[in-house]
Amino acid sequence: MRLSRGVDPVDLVNRSPGDGWPVRRRIAHRVNLLANEVDQRLGCQTDDQYLAAVAAQVTGGGIQLSSDMGPCHSCRAVLRLFLQHFPLVNCTVTYRKTNGRGEPVAALTPAGGRLCGAYGYEDAPEVNGLWCTVLA
Ligand SMILES: [Zn+2]
């Protein structure tokens, strides 16, 4: 199996050191190797060069994210940053209007407990029984 840009994931795994490393560290290492491979193929030396090279190839499209809960403040920030980098892409986020017990859930739900922040988008309309917002 090869990834779309010709990177062989088996080769990446074989090149990964870390027998005895925790799984998260091995995965992070493999992600770094993959990112290095992409940078090398694009001829990038900096993050700005990488973003420019990728943005030049992304000429539009949409992403659909679906979740039980609305995105937390951290996920919302990542989505916002992604869409800043790829302004020709839009993102549709849908999440449930009820929790696992069938109780209604507000479009923007406070995290509760000792957690700060909230999940979802305050202005998300209902679409087909789900909260749904389109980010662009
Ligand atoms: Zn999150």
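This text walks through the predicted model, from the whole fold to single residues. Local features in this predicted model need pLDDT of at least 70, side-chain atom pairs count only at pLDDT 80 or more, and totals for chains, interfaces and linings use all residues. Residues are numbered from 1 along each chain as its sequence is written, and side-chain values use heavy atoms, with hydrogens and water left out.

The protein has four helices and six strands. Both are DSSP runs numbered from the N terminus: helices are H or I with at least four residues, strands E with at least two. From the N terminus, the order is α-α-α-β-α-β-β-β-β-β.

Of the 136 residues, 23% are buried. Buried means under 20% relative accessible area, exposed over 50%, and partly exposed in between (1.4 Å probe, protein chains only). The accessible surface is about 9,600 Å², and carbon and sulfur atoms hold 54% of it. Areas come from the Shrake-Rupley method with a 1.4 Å probe; for residues, only the protein chains shown count as cover.

Now the single sites. Tyr 50 sits in helix α3 (residues 47-57). Its relative accessible area is 29%, so Tyr 50 is partly exposed. Beyond four places in sequence, Tyr 50 touches Val 38, Asp 39, Leu 42 and Cys 44. Contact means heavy atoms within 4.5 Å. The C-alpha atoms of Tyr 50 and Val 38 are 8.8 Å apart.

Thr 94 lies in strand β2 (residues 89-96). Thr 94 counts as buried because its relative accessibility is 15%. Its contacts beyond four places in sequence include Leu 65, Trp 131 and Cys 132.
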